Amino acid sequence: MTLVRQLRQVVKNGDVAVIYPEARYSLYGTTAVLPASLGKLCKLLDVPVVTLICHGHHVNSPFWNLHDRGVAPTEAEMTLLYTKEELKRSSAEEINDRLVEAFQYDDFAWQKSRKIKTPYEKRAEGLHKVLYQCPACGREFHMRSRGTRLFCENCGKSWQMTELGELPVTVDSLPNAKRFIHIGEGVMVHDMNGFSVRRTDIDGGPL
């Protein structure tokens with residue numbers, strides 16, 4: 001309640017009230033869970049709602065390896081989501097849903113789309129702090145990283161992190177007991193549901 005009173009006082013003073021709804025620095029460069037009370041707070045403050053989404057800060061200096069990688073340029077998107085009039089016509093739930101949608105970001109996807117390379121020779125070091133479960137054997141807390149390599153001490157599986165921040169994999173199929181059939185290449189994708197493999201075509205685009 002103290003925070004809400006302070007925000008209301010800021011607005012009353014005619015100043016800009018700024019909040020960081022994720023309440024922390026991104027752990028892995030994608031959206032965190034936003035509080036469900038955001039919409040109610042916006043209606044309470046009764047001022048225009050603007051979002052500022054920054055790109056490039058995480059891939060430049062992730063919390064698990066704070067070395068400055070010289071990523072440039074970084075970008076920021078400022079968007080007016082609601083005017084005061086639009087805010088009055090919208091429910092707290094509608095506002096919250098729109099805020100959640102506006103806050104969707106993926107810094108590694110942004111890096112790849114801009115083709116920004118990070119040649120830093122230790123770019124994977126520390127990655128095991130967030131990717132702590134092996135996608136091959138499923139064991140937790142046996143992942144380690146060194147240089148550009150992420151690996152599992154339990155099963156020995158390893159991956160090389162590219163200059164575009166990806167972890168490439170080979171996609172094979174075993175339709176019978178005789179031999180594997182090579183399907184193509186892909187990248188490992190990590191989100192709130194765990195690991196998955198996204199197959200890519202010869203040019204690196206998703207299939």
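**Pro73 and its peptide bond**

I started at Pro73, in the loop between helix 3 (57-60) and strand 2 (75-82). This is a predicted model, so I read the backbone here as a prediction. The bond joining Ala72 and Pro73 is a cis peptide, with omega about -5°. I noted the background: most peptide bonds are trans, and most residues other than glycine have a negative phi.

**Positive phi outside glycine**

Next I looked up positive phi values. Ala23 has one, about 65°, although it is not a glycine. I placed Ala23 in the loop between helix 1 (2-12) and helix 2. Is Ala23 buried or exposed? Its relative accessibility is 68%, so Ala23 counts as exposed.

Lys115 is another entry under this heading. Its phi is near 55°, a positive value in a residue other than glycine. Lys115 lies in the loop between helix 6 (107-113) and strand 3 (143-146). Lys115 has 68% relative accessibility and therefore counts as exposed.

**Helix 2 against helix 5**

I then turned to a helix pair. Two packed helices are described by the angle between their axes and the distance between the axes. I looked up both values for helix 2 (residues 38-45) and helix 5 (residues 92-102). The axes come within 7 Å and cross at roughly 115°. Angles of 65 to 115 degrees count as roughly perpendicular, and helix 2 and helix 5 are therefore roughly perpendicular to each other. The crossing of helix 2 past helix 5 is right-handed.

Which residues meet in this pair? From helix 2 I listed Leu38, Gly39, Lys40, Cys42 and Lys43. From helix 5 I listed Ala92, Ile95, Asn96 and Leu99. Sorted by class, the contact of helix 2 with helix 5 has five nonpolar, two polar and two charged residues.

**Cysteines**

Cys42 is in that contact, and I checked its accessibility too. The value is 13%, so Cys42 counts as buried.

How many disulfides does the model have? The count comes to zero. A disulfide is a covalent bond between the sulfur atoms of two cysteines. The cut-off I applied to a sulfur pair is 2.5 Å. I looked at Cys137 in particular. The nearest cysteine sulfur to that of Cys137 belongs to Cys134, 3.8 Å away. Cys137 is in no disulfide. With 32% relative accessibility, Cys137 counts as partly exposed, whereas Cys42 counts as buried.

Methods. Residues are numbered from 1 along each chain as its sequence is written. This is a predicted model: local features need pLDDT of at least 70, side-chain atom pairs count only at pLDDT 80 or more; totals for chains, interfaces and linings use all residues. Side-chain values use heavy atoms; hydrogens and water are left out. Axes are lines fitted to C-alpha atoms, for helices over the stretch in contact, and angles run from 0 to 180 degrees between N-to-C directions. Helices (H or I, at least four residues) and strands (E, at least two) are DSSP runs, numbered from the N terminus. Angles under 35 degrees count as roughly parallel, over 145 as roughly antiparallel, 65 to 115 as roughly perpendicular and the rest as oblique. A crossing is left-handed if the near helix is turned anticlockwise from the far one by less than a right angle, and right-handed if clockwise. Contact means heavy atoms within 4.5 Å. Ala, Val, Leu, Ile, Met, Phe, Trp, Tyr, Cys and Pro count as nonpolar, Asp, Glu, Lys and Arg as charged, and the others, Gly among them, as polar. Buried means under 20% relative accessible area, exposed over 50%, partly exposed in between (1.4 Å probe, protein chains only).
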